[in-house]
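Have the sequence and the 3D view at hand as you read.

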Amino acid sequence: MNDFSGLVAVVTGGASGIGAATASELTRRGARVAIIDRDAGAPGGHSLAVVADVSDDASVQAAIARIADDLGGIDVLVNNAGIGAAGDVSANDDDAWHRVYDINVVGIARVTRAALPWLKKSSAAAIVNTASVAATNGLPNRALYSATKGAVVGLTYAMAADHLGDGIRVNAIAPGTADTPWVQRLLAAADDPEATATNLRGRQPMGRLVTADEVAFAVANLASPRAASTTGTVLTVDGGLTTLRV
Ligand SMILES: NC(=O)c1ccc[n+]([C@@H]2O[C@H](COP(=O)([O-])OP(=O)(O)OC[C@H]3O[C@@H](n4cnc5c(N)ncnc54)[C@H](O)[C@@H]3O)[C@@H](O)[C@H]2O)c1
């Protein structure tokens, strides 16, 4: 497939995991891809890497301006950068709540705000936000994280409505537990990593974790110009976790 030929895509959090896999998938399908990440990451599946923090408005504006300048516009935006938080509703103080919201939710607003003028000029404009199954399933010890991902879902629907008239499609992806460096870090920090890994796999009806490539494929399909009637949707890529009882 060469469905992104001639298009420029931006992927936040593109230096690792789902973001890196998405950058590679979009590149394979013909896009010129810029990643925005607070880490430089390894060179590879993208044309341009800009180090910036989605919680810092000045750095986001500079990153988007540079990408649009270097690559000649922006057609596709994948708002994927995010961080986790563990514990029940009492486990995190106000600073932690504000910090995780600032990256997972306000970060999407910042990057989108900066990219909108270019997206409005594109004839194939699409945004994909990374939510999570945590938005719609009560997972234990993920109160703050789940709240931010619920906000991402609500924000996605509102953005889709607001920018329908601008010709910008807005959708979200909701991955189940995906085998990325994020989950490897989580396992490394667990008291019993093997038991935790078994528990995470057991939660998935398919009995295995989702792969980053599977999520990337779904993100690219939502962003593709071939999905021209798809807007205001949340696509789960979760091995059946949300809807199956097997
Ligand atoms: N892995 C999972 O199980 C899973 C499941 C559902 C949703 N998600 C979501 O998918 C997205 C990617 O997760 P992943 O598993 O690939 O994680 P990851 O940790 O492998 O990658 C996240 C990337 O985001 C970058 N990042 C974090 N904060 C940033 C900031 N303030 N500014 C710029 N870049 C920043 C990191 O440097 C990293 O490169 C996240 O939004 C996460 O919530 C992950």
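A residue counts as buried if 20 or more other C-beta atoms lie within 10 Å of its own, with C-beta atoms placed from the backbone. Keep in mind that this is a predicted model.

With that in hand, look at strand β1, residues 8–12: five of its five residues are buried, so the strand is mostly covered by the cut-off of 20 or more C-beta atoms within 10 Å. In a regular strand the side chains alternate between the two faces of the sheet. In β1, one side carries V8, V10 and T12, the other carries A9 and V11, and both faces are covered.

What does β1 pair with? Its partners include β2 and β4:

| Partner of β1 | Residues | Sense | Bridges |
|---|---|---|---|
| β2 | 32–37 | parallel | five |
| β4 | 76–79 | parallel | three |

You can pick out single pairs on each side. V8 has R32 as its bridge partner in β2, while A9 stands opposite V76 in β4.

Between β1 and β2 the chain passes through helix α1, residues 17–28, and this β-α-β crossover is right-handed.

Now for the core. Which residues touch the most other members of the largest nonpolar core? They are A9, V10, I173, V215 and V219, out of 73 residues in that core. Helix α8, residues 212–223, gives the most to this core, with eight residues. Leaving aside residues up to four places away in sequence, V219 touches T22, V78, V128 and I173.

Key. Residues numbered from 1 in each chain as written. Predicted model: local features only at pLDDT ≥ 70, side-chain atom pairs only at ≥ 80, totals over all residues. Core = buried A, V, L, I, M, F, W, Y, C linked by C-beta atoms within 7 Å. Buried ≥ 20, exposed ≤ 12 C-beta atoms within 10 Å, placed from the backbone. Helix = DSSP H or I, 4+ residues; strand = E, 2+ residues; numbered from the N terminus. Contact = placed C-beta atoms within 7 Å. Pairing = 2+ DSSP bridges. Right-handed = clockwise from strand over helix to strand, strands pointing away.
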